[in-house]
Amino acid sequence: MRAPRFNPLHLAGWLFADMLLVLALVAMGDQGDPLAAEAPTGPKATTSPKPGPSKTPAPKGPRAVTRTPVKVSLDAPPGDRATMREQLRKITARYEGRQAAFVLTFGHHPEPGLGGDYATDVNSQLAKARPDMFRGATTRDFWKGAPSGGHADLEIYFYTY
């Protein structure tokens, strides 16, 4: 009986996987550094002899999304959109001036459908509560099991500038 011969075709899958890994590493290495936009470029020469209001420099580099979310919670009765907006303004006040890239909202409720509906309701009020912060942000609605409703946890991912 003859021993099976080595067939190079058996290595094709491994070669494909290795090439895909190299391609992924090259793509990740091609991304700009979002923190480089915040680094000072050096002293600026001023043209006016008297000091005036300082201007913030325009951001340089690619726009990126923070890796860690800002986690906030709100309590409002289901369907009470005015209270939802008020709570959203209150819990996001310290982040004013920043722009959200995407928001994950977890509606608490014993029933999945009602918890998802509550998260959808909260997300519908984001742009109304803070238009500059949530305009164009991507939102996702989720359910989180809980003994009662009327509560939501939000994970907000902001742009780096």
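Does R85 count as buried, partly exposed or exposed, and at what relative accessibility? This tour of a predicted model returns to that residue once the overall fold has been viewed.

**The whole chain**

Display the protein chain as a cartoon. Its secondary structure comes to 4 helices and 4 strands, arranged along the sequence in the pattern α-β-α-β-α-α-β-β. Of its 161 residues, 27% count as buried. Among contacts with a separation of 6 or more, 84% are accounted for by residues 24 or more positions apart.

**The nonpolar core**

Next, select L74, L88, V122, L154 and I156 and show their side chains. These are the residues with the most contacts inside the largest nonpolar core, a group of 21 residues. The elements that each supply two or more residues to this core are strands β1 (70–75), β2 (100–109) and β4 (151–158), together with helices α2 (81–91), α3 (112–129) and α4 (131–134).

Centre the view on V122. Apart from its neighbours within four places in sequence, V122 is in contact with L74, M84, L88, T105, A152 and L154.

**Helices α2 and α3**

To view the contact, select R81, M84, R85, L88 and R89 on α2, then Y118, D121, V122, S124, Q125, L126, K128 and A129 on α3. These residues divide into 6 nonpolar, 2 polar and 5 charged.

**R85**

The opening question can now be settled: R85 counts as partly exposed because its relative accessibility is 24%. Setting aside residues up to four places away in sequence, R85 touches Q125, K128 and A129. Draw a distance between the C-alpha atoms of R85 and S124: the separation is 9.6 Å, although the two residues lie 39 residues apart along the chain.

**V103 in strand β2**

Move to V103, found in strand β2. With a relative accessibility of 0%, V103 counts as buried. Show every residue that V103 contacts beyond its neighbours within four places in sequence: N123, L126, F134, T138, T139, R140, L154, E155 and I156. Two of the residues in that list, L154 and I156, are also among those with the most contacts inside the largest core. A C-alpha to C-alpha line from V103 to F158 spans 8.8 Å, across 55 residues of sequence.

**H151 in strand β4**

Select H151, which lies in strand β4. Which residues does H151 touch, not counting those up to four places away in sequence? They are S73, L74, D75, F106, G107, H108 and Y118.

**P112 in helix α3**

Finish at P112, a residue of helix α3. P112 has a relative accessible area of 44% and is partly exposed. Select W143 alongside P112 and draw the C-alpha distance, which is 5.6 Å for two residues 31 residues apart along the chain.

Definitions and conventions. Residues numbered from 1 in each chain as written. Predicted model: local features only at pLDDT ≥ 70, side-chain atom pairs only at ≥ 80, totals over all residues. Heavy atoms only, no water. Core = buried A, V, L, I, M, F, W, Y, C linked by side-chain atoms within 4.5 Å. Buried < 20%, exposed > 50% of the residue type's maximum accessible area, 1.4 Å probe, protein only. Contact = heavy atoms within 4.5 Å. Nonpolar A, V, L, I, M, F, W, Y, C, P; charged D, E, K, R; others polar.
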